[in-house]
Amino acid sequence: MSIAIDIAAIGMVTAVGLDAPSACAAMRARLDGFQETRFLGPGGQWLIGAPVPLPRGWIGEKRMAHLAAAAICEAFETAPEARGQAALILCLADESRPGRPITDGARLLRHIAEIVDVEPHARSRIINHDRASGHVALEQARRMIASGEASYVMIAGVDSYLTAPAIEHYRKNNRLLAPGNPNGFIPGEAAAAVLCLRSGRGGFRLFGLGLAREAASIYNGEDLPLRGDGMTAAYDMAFRETGIEMRQLGYRIADLIGEQYWFKQSALASLRLLRGRHDFQDIWSPGESLGNVGAATGPLMIGMAWMAARKGYAAGSPVLVEASNDAGACGAALFATRSGS
């Protein structure tokens with residue numbers, strides 16, 4: 001079994017806040033960053049999106065680099081001892097995703113290192129699994145820390161659906177939320193970072209992690225019925241590692257971006273594993289405020305859970321953080337604040 005790791009610090013840059021405290025407060029208050037964009041949506045109307053209100057009009061890779069760097073720098077402010085020591089795992093869009101904002105991950109990694117003003121760590125790496133990237137990164141982070149490859153691992157995700165090719169692709173596939181299509185998502189953009197280290201006393205600890213794959217992905221059509229097998233397996237792996245059952249869960253944070261498929265997948269996984277008497281289990285989603293922010297989702301949700309535990313407004317403990325992508329990759333992670341004894 002891998003060594004336990006804690007989340008020591010977080011950072012966020014979103015449509016509802018340019019740092020983690022303001023972003024988490026806005027999401028807790030159910031504020032959103034939705035506004036008309038410069039893109040035309042279905043029916044020729046201006047498309048609603050959730051852009052980050054940056055003070056400068058950076059575009060493309062430069063914009064993504066500054067978003068990610070800002071989130072990473074914020075995390076380093078909380079844990080300055082990790083600066084220059086942390087390996088970076090950069091979570092990006094899937095390489096096959098139409099309209100992805102980054103075409104050269106290695107170049108983006110170097111650009112981010114220049115802005116943050118740190119030398120790129122020899123063990124830094126890139127993960128291209130869209131919304132599931134954060135969970136894959138957690139597995140790699142704890143292996144790196146357990147093996148001594150790095151004392152600290154910074155997991156950072158950055159992504160944007162607000163590019164012309166992406167809007168065109170998802171518009172043609174009828175996946176964008178519009179007056180004539182309630183079963184769609186709002187395109188957004190964001191960056192988030194979480195700093196991982198070996199578990200200590202009183203830390204916000206990763207207790208269980210599950211990774212699996214759903215055969216009946218959203219692009220599967222009618223070939224296979226959605227039974228939630230992938231997310232159920234991911235849940236089950238995380239629970240088995242933790243030694244608890246679904247009914248003992250405090251609450252969940254999920255990447256529910258607006259389409260019915262993701263709600264159904266999450267509900268099926270819960271129904272298949274929930275047994276016996278249990279308290280109400282709330283479910284939070286950053287999508288309600290930020291829309292679909294792709295590969296930034298995983299670190300963002302972990303940051304939401306960390307802040308809720310730190311500020312004392314979490315809806316219970318432990319918290320399960322789940323995510324999946326269009327190709328069927330599913331991840332589930334269980335976190336809780338460990339006793340300081």
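For what follows, Ala, Val, Leu, Ile, Met, Phe, Trp, Tyr, Cys and Pro count as nonpolar, Asp, Glu, Lys and Arg as charged, and the others, Gly among them, as polar. The model is predicted, so local features need pLDDT of at least 70 and side-chain atom pairs pLDDT 80 or more, while totals for chains, interfaces and linings use all residues. Residues are numbered from 1 along each chain as its sequence is written, and side-chain values use heavy atoms, with hydrogens and water left out.

Pockets first. On a 1 Å grid over the protein atoms alone, a pocket is an open set of points where a 1.4 Å probe fits, with protein on both sides within 12 Å along at least five of seven lines; lining residues have an atom within 4 Å of a point. A volume is the space filled by probe spheres set on the points, which are joined across faces, edges and corners.

The second largest pocket has about 230 Å³. Its lining has 13 residues, and Met 27, Arg 28, Trp 284, Ser 285 and Met 304 lie nearest the centre. Seven of the lining residues are nonpolar, two polar and four charged. At least two lining residues come from each of α1 (20-28), β10 (282-284) and α8 (287-290).

The largest pocket comes to about 320 Å³. Of its 14 lining residues, Arg 38, Phe 39, Arg 63, Leu 162 and Glu 189 are the closest to the centre.

Now salt bridges, meaning a side-chain nitrogen of Lys or Arg within 4 Å of a carboxyl oxygen of Asp or Glu. The count is 21. Which residue pairs with Glu 288? The partner is Arg 30, with the closest N and O atoms 2.5 Å apart. Because Glu 288 lies in helix α8 and Arg 30 in the loop between α1 and β2, the pair ties together parts that are 258 residues apart in sequence.

For accessibility, buried means under 20% relative accessible area, exposed over 50%, and partly exposed in between (1.4 Å probe, protein chains only). Glu 288 is partly exposed at 41%, and Arg 30 is exposed at 57%.

Arg 131 and Asp 326 also form a salt bridge, at 4.0 Å between the closest N and O atoms. These two sit in separate loops, 195 residues apart. Arg 131 is buried at 2%, and Asp 326 is buried at 16%.

Definitions and conventions
Helix = DSSP H or I, 4+ residues; strand = E, 2+ residues; numbered from the N terminus.
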